[in-house]
Amino acid sequence: MKTRNGKKRMTEAQEFEIMKLVLDKFLWLGFIVMGWGMYLSLSQENFLAGVWHMIAGAALLVLFLVIIVKEYEVFS
């Protein structure tokens with residue numbers, strides 16, 4: 001599908017497939033950071049450092065949730 005200026009446009013299905021790929025990467029990143037925080041909090045004496053990593057991982061997941069909801073509420 002092309003627009004008047006000659007650029008190709010993606011269909012909604014193609015956009016959704018790309019968003020699923022990006023979603024997968026952000027989910028992995030968030031859970032890896034949270035897992036690292038859990039490891040730090042259980043294996044070291046500094047429990048608070050691990051908790052901060054877990055909070056950072058949760059913040060990454062919440063941030064991406066907000067981006068996804070904002071992006072797909074426009075189309076619905």
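Predicted model: local features only at pLDDT ≥ 70, side-chain atom pairs only at ≥ 80, totals over all residues.
Student: Where does helix α1 run?
Tutor: Helix α1 covers residues 12-43.

Student: What should its 32 residues span, at 1.5 Å a residue?
Tutor: They should span 46 Å. The end C-alpha atoms of α1 are 46 Å apart, which agrees with that value.

Student: Which residues in α1 are buried?
Tutor: M19, G30, G37, L40 and S41 are buried in α1.

Student: Take S41. What is its relative accessible area?
Tutor: The figure for S41 is 7%. S41 counts as buried because the cut-off for that is under 20%.

Student: What does S41 touch, leaving out residues up to four places away in sequence?
Tutor: S41 touches F47, G50, V51 and M54.

Student: And which backbone oxygen does the side chain of S41 reach?
Tutor: That of M38, at 2.9 Å.

Student: New topic. How many salt bridges are there in the whole structure?
Tutor: A search finds two. One joins the side chains of K20 and E17, at 3.3 Å from N to O. In another, the side chains of K25 and D24 meet at 3.6 Å, again N to O.

Student: How far apart are K20 and E17 along helix α1?
Tutor: They are three residues apart, so about one helical turn separates them. An α-helix has 3.6 residues a turn, so residues three or four places apart point the same way.

Student: Are K20 and E17 buried, partly exposed or exposed?
Tutor: K20 is partly exposed, at 39% relative accessibility. E17 is partly exposed too, at 42%.

Student: What about K25 and D24, exposed or partly exposed?
Tutor: K25 has 52% relative accessibility and counts as exposed, because the cut-off for exposed is over 50%. D24 has 34%, so D24 counts as partly exposed.

Student: Which residues form the nonpolar patch on the surface?
Tutor: M10, I18, V22, F26 and L29 form that patch.

Student: What is their accessible area together?
Tutor: It comes to about 400 Å².

Student: Where is L29, and why does L29 count as partly exposed?
Tutor: L29 is in helix α1.

Technical notes: Residues numbered from 1 in each chain as written. Heavy atoms only, no water. Patch = residues over 30% accessible without salt bridge, like charges linked within 9 Å, V, L, I, M, F, W, Y side chains within 5 Å. Areas by Shrake-Rupley, 256 points an atom, 1.4 Å probe, with all protein chains shown as cover. Salt bridge = Lys/Arg side-chain N within 4 Å of Asp/Glu carboxyl O. Helix = DSSP H or I, 4+ residues; strand = E, 2+ residues; numbered from the N terminus. Buried < 20%, exposed > 50% of the residue type's maximum accessible area, 1.4 Å probe, protein only. Expected span 1.5 Å × (residues − 1). Polar contact = N/O pair within 3.5 Å; in protein donor to acceptor, adjacent residues only side chain to side chain. Contact = heavy atoms within 4.5 Å.
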